[in-house]
Amino acid sequence: MKLLSISMVMSSLVLSACTIQSTPKPRPNTSNEMLNLINQARSQARQCGGRHFQAAPPLRWNDALARAAQKHAQDMADNNYFEHKSRDGRSPFERMKAEGYRYMSAAENIAQGNRNAQDAVNNWLTSAGHCANIMNPNFREVGMAVAHNKAMYVATPRIYWVQNFAAPR
C-alpha cells in the first residue's frame, strides 16, 4: 500500500510518503469504522515522528468533506493513479471548496492497498505526516471514503482510501 499526506494550515503545505503492499476488497461501513478509529487515536497523546501531540477532541463527520473524499477515491480507482492532485489538476483544497466546504485549515491523507479501515489507520499512525493530520487539534471535522478499482484490465484490484480533515471557517 502507498500512503501520502498533504496538509494546509494557514497556506502551508506538508507532504509525506511511504510504501507497503496489500489488496483485498474493503469491508462495508468503513467510513463509520474509520471515524471511530481516528477518534480513538485522537483520545490519547502520541508521538507523530519527532512531534508530540496531546489528546485531541473527537472529529465530527462532515458530508461535504466526505463527498470530496469519495469523488477523489473513486477517481483514483477508476483511473488507476495515486496522487493528491486529481487528473483534472485540482488539489484536495479545490475539491473541498467545490463541494461547498469553507475552511481555515485543511489536510488530506490518502492510502492505497490497505485491506480494511483498521489497517489504513494503523499505517497512517506510523507515518509522521499522516499521524500529525489525524492528531491536529485544530481540525474539528472530517470526511472519509474508500473506493475499489474494479477495472477488468487491472490484474490486482486496488483499494483507495481518502481522509479530508478541516477546521471550518
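These legends walk you through a few close-up views of a predicted model.

**View 1. A disulfide joins C48 and C131.** The sulfur atoms of C48 and C131 sit 2.0 Å apart, and the structure's disulfide count comes to one. Because C48 belongs to strand β3 (residues 46-48) and C131 to helix α5 (residues 128-135), the bond ties together parts that are 83 residues apart in sequence. The torsion about the S-S bond is about -50 degrees, so this disulfide is left-handed. Look for both C48 and C131 among the buried residues.

**View 2. K71 and E99 form a salt bridge.** Side chains of opposite charge can pair when their charged atoms come close. Here the closest N and O atoms are 2.6 Å apart. K71 is in helix α2 (residues 63-79), while E99 is in the loop between α3 (92-98) and β6 (103-112), and 28 residues separate the two. K71 is exposed, at 51% relative accessible area, whereas E99 is buried, at 15%. R67 joins K71 and E99 in a network of salt bridges.

**View 3. E108 meets R95 in a salt bridge.** The N to O distance is 3.0 Å. This pair also links distant parts of the chain: E108 lies in strand β6 and R95 in helix α3, 13 residues apart. How much relative accessible area does E108 have? E108 has 1%, so this residue counts as buried, the cut-off being under 20%. R95 is buried too, with 4%.

**View 4. R115 and D119 pair up in a salt bridge.** Their N to O distance is 3.2 Å. R115 is partly exposed, at 41% relative accessibility, but D119 is buried, at 18%. Across the whole structure, a search finds seven salt bridges.

Key. Residues numbered from 1 in each chain as written. Predicted model: local features only at pLDDT ≥ 70, side-chain atom pairs only at ≥ 80, totals over all residues. Heavy atoms only, no water. Disulfide = S-S within 2.5 Å. Helix = DSSP H or I, 4+ residues; strand = E, 2+ residues; numbered from the N terminus. Buried < 20%, exposed > 50% of the residue type's maximum accessible area, 1.4 Å probe, protein only. Salt bridge = Lys/Arg side-chain N within 4 Å of Asp/Glu carboxyl O.
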